[in-house]
Amino acid sequence: VSTQSTGACQMPIEDQCIEVGDRKWHPNHFACSSCGTSLAGKPYKEDDGDVYCATCKAARQRRIAPEAGICGMCKRPIIGEYITLRGQRMHPKHFRCEECGCAFVGGNCHEYEGKLYCKEDYMKLLKDICSFCHKPIVGRSFTAMGRVWHPEHFVCFHCKEPFHGSSFMEKNGQPYCELHWHELFGQTCGKCNRAVVGQVIRAVGKSFHPNCLRCYGCDSALGGQGFYEWEGKCMDKKCFLKLPSDVRKKIETKRKEQIKAEKARAKAAGK
């Protein structure tokens with residue numbers, strides 16, 4: 001049975017033939033399309049239906065795409081058009097979403113671990129990525145502040161201790177335990193310099209724990225009772241009465257003015 005040659009001579013093939021793709025050659029006609037070197041029994045390279053020896057194929061590649069080189073995705077030679085992404089050249093066919101295969105349009109391309117995704121699939125991927133370690137979450141997860149975490153990674157940003165179901169406080173997008181939030185960002189006691197959590201007493205322009213606000217004269221606790229302020233210090237009534245009369249008069253006058261001002265502010269706020 002003969003078959004028609006689609007190689008060099010276009011003559012019928014009665015016996016053996018060499019077949020590459022849709023083309024057939026007589027063995028003695030199977031030669032490099034560029035230099036004519038016989039390729040029968042030798043390595044060859046196919047390109048657009050033609051066959052080449054290794055030397056001519058490399059020269060053809062340099063001639064067709066001297067600047068393109070190797071595709072950054074498939075690591076195969078680039079012949080013809082190419083695109084550049086992140087400093088690497090690649091075949092245009094690779095510029096598609098890894099998940100759904102859609103072509104990227106405008107700014108719809110996002111990278112994750114060396115792969116490209118459309119915005120929709122990229123957001124789906126990030127939905128299950130731990131906000132702390134940035135690795136996928138398999139199994140239980142914890143959602144807080146609009147993000148997802150491994151349960152063991154949802155910890156205080158300062159001390160790294162887990163919350164164990166207790167409340168947390170947020171600052172600049174990071175979670176903090178109540179103690180360290182107050183210590184770092186809240187009110188500090190004017191006496192012990194520790195965070196004031198819960199009940200606080202304001203005096204002489206500072207915040208105090210109830211047990212830390214003490215009389216300057218006798219060191220008795222002032223929390224829960226009236227006191228007098230004098231030159232940045234607090235006094236109970238007994239020590240206040242020991243001051244010279246002219247000093248007491250100045251303090252009393254200033255105190256009445258402060259009370260009057262506070263009432264005026266409260267009244268204005270209530271309107």
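Predicted model: local features only at pLDDT ≥ 70, side-chain atom pairs only at ≥ 80, totals over all residues.
User: Why is the pair formed by Trp149 and Phe154 called edge-to-face?

Analyst: The ring centres of Trp149 and Phe154 are 5.1 Å apart, and rings pair if their centres lie within 6.5 Å. The angle between the two planes is 65 degrees, and because planes over 60 degrees apart count as edge-to-face, the pair takes that name. A search of the whole structure finds eleven aromatic pairs, and ring pairs also link Trp149 and Phe154 with Phe142, Phe163 and Phe168 into a cluster.

User: How do you know whether Trp149 and Phe154 are buried or exposed?

Analyst: Trp149 has a relative accessible area of 3%, while the value for Phe154 is 5%. Buried means under 20%, so Trp149 counts as buried, and so does Phe154.

User: What makes Lys171 a residue whose charged end sits over the ring of Phe185?

Analyst: The charged end of Lys171 is 5.3 Å from the centre of the Phe185 ring, and the distance cut-off is 6 Å, with a further condition that the charge be within 35 degrees of the ring normal. Lys233 likewise lies over the face of Tyr216, at 5.0 Å from the ring centre.

User: Which residues have the most contacts inside the largest nonpolar core?

Analyst: That core has 18 residues, and those with the most contacts inside it include Ala203, Leu213, Phe227 and Cys234. Strand 15, strand 18, helix 4 and helix 5 each supply at least two residues of this core. A second, separate core of twelve residues includes Cys71, Leu85, Phe104 and Tyr122.

Conventions:
Residues numbered from 1 in each chain as written. Heavy atoms only, no water. Phe/Tyr/Trp six-rings, centres within 6.5 Å; stacked < 30°, edge-to-face > 60°. Buried < 20%, exposed > 50% of the residue type's maximum accessible area, 1.4 Å probe, protein only. Core = buried A, V, L, I, M, F, W, Y, C linked by side-chain atoms within 4.5 Å. Helix = DSSP H or I, 4+ residues; strand = E, 2+ residues; numbered from the N terminus.
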